[in-house]
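This report looks at one protein chain, moving from the whole fold to a few single residues. Please keep the sequence and the structure in view while reading.

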Amino acid sequence: KEIAKPAKDSVTEVVRSGDLISYCAEEGVRILGEGKFLVSDSFPGNERTKYCLTSKIPLGVVLAIPPFNYPVNLAVSKIGPALIAGNSLVLKPPTQGAVACLHMVHCFHLAGFPKGLISCVTGKGSEIGDFLTMHPGVNCISFTGGDTGIAISKKAGMVPLQMELGGKDACIVLEDADIDLAAANIIKGGFSYSGQRCTAVKVVLVMESVADTLVEKVNAKLAKLKVGPPEEDCDITPVVSESSANFIEGLAKDAKAKGATFCQEYKREGNLIWPVLLDHVRPDMRIAWEEPFGPIIPVIRINSIEEGIHHCNASNFGLQGCVFTKDINKAILISDAMETGTVQINSAPARGPDHFPFQGLKDSGIGSQGITNSINMMTKVKTTVINLPTPSYTMG
């Protein structure tokens, strides 16, 4: 009810979060139980007079700031690694999504976590954001959201940062692609939760020779999407705010004025925007570059693989991308050429499973998420060196 996420997706998010906590508990015990033992004479010119013991210790206080679109799961993906690594945590829920977030925090209290181990501070980012992110007691910031993350990065100072700041995930479709598979994934990737996902398909770059077929198949599937309230498990639900809806509408109007083909009539009631596919989009349209965070996908027709890669890499974002082809060699070569943190081959972009590394390049972020990476990032290496009075035995 709070963020209009379809009922089935809401349940999936909560179950996934429970699984993430369980995995964190297991993985953390393994990772944090490991240390290193080094000896000085393994480096040239040194005798065996020093033994070095290394281990991982907590950073202290982790500030976690999740976004509205996954208020439970993206909070838990920060809380789990932070706690298993031995940190305490301050959680700043999204303004929209705070109620769901607070219910989730209550579960930790019900489970018997010590008072103060998780503190939850609600409020608008514009009012309390600077106080939290610049607080001298914060030893690490894990943030998922939009452009605000860039401002946080500049103000935060000498603390480790884990930032995921959105994307313009490109879907490249080659001539030899399974067009039915590509169309199904464009629908799933672009329109699930009304396109309000960092890893949503946000631009389709399709070879001209198969463009008509692809657009036709996507349109046929798009017509079957159910539009309405989240309680009725609709595919397309209202976007999160009026300002968000207005922004999406601005992108649509710009594209229309510049000659894009609307495959569906643009329709809006309040914050509810009906899904629309835009064909014949050109690089001079805002929708070709800006992240709509809504149920609208632009299709750009390309005449070469290089053209598709160039458009992808010209973006200031670099979160994920995907390639549809039956030629694994082409897929790997294109994947290597795309300046994105992850490339999916023959599937829509996605963050999970939650133990996979998840990272963005360029304006899409700093650092890598995923359970193991997050645990490592939320610890620091501590070293103890034992100095021997005389050299021990010599190597070799």
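## Terms and overall fold

Helices (H or I, at least four residues) and strands (E, at least two) are DSSP runs, and they are numbered from the N terminus. The model discussed here is a predicted one, and in it the secondary structure of the chain comes to 11 helices and 22 strands.

The C-alpha trace of the chain spans about 80 × 50 × 35 Å along its principal axes. For 396 residues, a compact globule would have a radius of gyration near 21 Å, and the chain has 24 Å, which agrees. When contacts between residues at least 6 apart in sequence are considered, 71% of them join residues at least 24 apart.

Of the 396 residues of the chain, 50% count as buried. The accessible surface comes to about 17,900 Å², and 58% of this surface belongs to carbon and sulfur atoms.

## A residue in a loop: T340

T340 is found in the loop between α10 (328-337) and β17 (342-345). Because residues under 20% relative accessible area are called buried, T340, at 11% relative accessibility, counts as buried. The side chain of T340 reaches the backbone oxygen of T342 at 3.1 Å. If residues up to four places away in sequence are not counted, T340 touches C312, G318, L319, Q320, G321 and L361.

H311 belongs to helix α9, which covers residues 305-314. This residue has a relative accessible area of 8%, so H311 is buried. Once its neighbours within four places in sequence are left aside, H311 is in contact with V203, L205, A288, W289 and I300.

F247 lies in helix α8, which is made up of residues 242-257. With 32% relative accessibility, F247 counts as partly exposed, since this class is the one between the 20% limit for buried and the 50% limit for exposed. Leaving aside neighbours within four places in sequence, F247 is in contact with R286, E290, E291 and P292.

Key:
Residues numbered from 1 in each chain as written. Predicted model: local features only at pLDDT ≥ 70, side-chain atom pairs only at ≥ 80, totals over all residues. Heavy atoms only, no water. Rg over C-alpha atoms; globule rule 2.2 N^0.38 Å. Buried < 20%, exposed > 50% of the residue type's maximum accessible area, 1.4 Å probe, protein only. Contact = heavy atoms within 4.5 Å. Areas by Shrake-Rupley, 256 points an atom, 1.4 Å probe, with all protein chains shown as cover. Polar contact = N/O pair within 3.5 Å; in protein donor to acceptor, adjacent residues only side chain to side chain.
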